[in-house]
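Have the model open as you read.

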Amino acid sequence: YKRQELEFLTSEDDVDTNYEKNVAEKKAIAEYAASTIQNDDFIYIDAGTTTKYIADNFNMNGVRIVTNGIEHARILASKGNEVVLVGGNVKISTDAIVGTLAVNTLDKYHFTKGFFGTNGISPKAGYTTPDINEALVKKAAMQKCSKSFIVCDSSKFNTISAVTFASFREATIVTNLCPAEFSKYKNIIVY
């Protein structure tokens, strides 16, 4: 599809509202992302709605998981997985742990793969989110990943939020649909 105008977002919906948007697309994206995980991986799963679908569908033993998603940790641990929930401040609107303590905790890890949500994608602005505290946690975790995936539906393309947490080429995007002007980029998997 074609969508070229940039949209600027200065705020975000709460997690319950976002969880109900583009459900079929998010589930398909999450299913594909989960299929990239292998038994010996040590993964990071970012808080977010598409990443929560990864937790919902995750069914693998032997994978160690670190997350800043409160509900993600509960879901994954209830399935018998070894899960670490980073410490820090609770951000109720996104069901996430954020802040300096979370960033400091992540500095100790080295992940084989990381799965991240985003509020916006732009080749120039990179991956963005409205909240500086969430951006700092995302950035810290992504820097510790051998391979990073941005999992998002197509509504995030050509959208910019207030804070960049990674440059466009720092991650592979897993999405359901890609705007025509993004087809030249090699770091996009359309699923």
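Axes here are lines fitted to C-alpha atoms, for helices over the stretch in contact, with angles from 0 to 180 degrees between N-to-C directions. Thr51, Lys52, Ala55 and Asp56 of α3 make the contact with Glu71, His72, Ile75 and Leu76 of α4, contact being heavy atoms within 4.5 Å.

Before going on, some housekeeping: this is a predicted model, where local features need pLDDT of at least 70 and side-chain atom pairs count only at pLDDT 80 or more, while totals for chains, interfaces and linings use all residues. Residues are numbered from 1 along each chain as its sequence is written, and side-chain values use heavy atoms, with hydrogens and water left out. Helices (H or I, at least four residues) and strands (E, at least two) are DSSP runs numbered from the N terminus.

**Helix packing**

α3 has another partner in α2: these two pack at about 60°, with their axes 8 Å apart. That makes α2 oblique to α3. On the α2 side, the residues involved include Val23, Ile29 and Ala33, and they meet Thr49, Thr50, Tyr53, Ile54 and Asn57 in α3.

**The sheet**

The strands form an open sheet of seven, ordered β4-β3-β2-β7-β10-β13-β14, with parallel pairing. Two strands pair if DSSP finds at least two bridges between them. At the edges sit β4 (82-85) and β14 (188-190), each pairing on one side only. Neighbouring strands are turned by 20° against each other on average, direction ignored.

| Helix | Residues | Lies across | Angle |
|---|---|---|---|
| α2 | 23-35 | β7, β10, β13 and β14 | about 135° to β13 |
| α4 | 70-78 | β2, β3 and β4 | about 165° to β4 |

Take β13 (residues 172-175): three bridges join β10 to this strand, and the two run parallel. Val151 has Val174 in β13 as its bridge partner. β13 also pairs with β14 in the parallel sense, over three bridges, with Ile173 opposite Ile188 in β14. Both faces of β13 are covered, with Thr172 and Val174 on one side and Ile173 and Thr175 on the other, all buried. Buried means under 20% relative accessible area, exposed over 50%, and partly exposed in between (1.4 Å probe, protein chains only).

**The cores**

A nonpolar core is a set of buried Ala, Val, Leu, Ile, Met, Phe, Trp, Tyr and Cys residues joined through side-chain atoms within 4.5 Å. The largest one has 33 residues, of which Tyr44, Leu106, Ile121, Tyr127, Ile150 and Ile173 touch the most other members. Elements giving two or more residues include β2 (42-45), α5 (100-106), α6 (132-142) and β10 (145-151). α6 gives the most, with five residues. A second, separate core of 19 residues includes Ala33, Ile45, Val63 and Val174.

Ile150 is worth a click. This residue is found in strand β10 and, at 0% relative accessibility, counts as buried. Leaving out residues up to four places away in sequence, Ile150 touches, among others, Phe116, Ile121, Tyr127, Met142, Phe165 and Ile173.

Definitions and conventions:
Angles under 35 degrees count as roughly parallel, over 145 as roughly antiparallel, 65 to 115 as roughly perpendicular and the rest as oblique.
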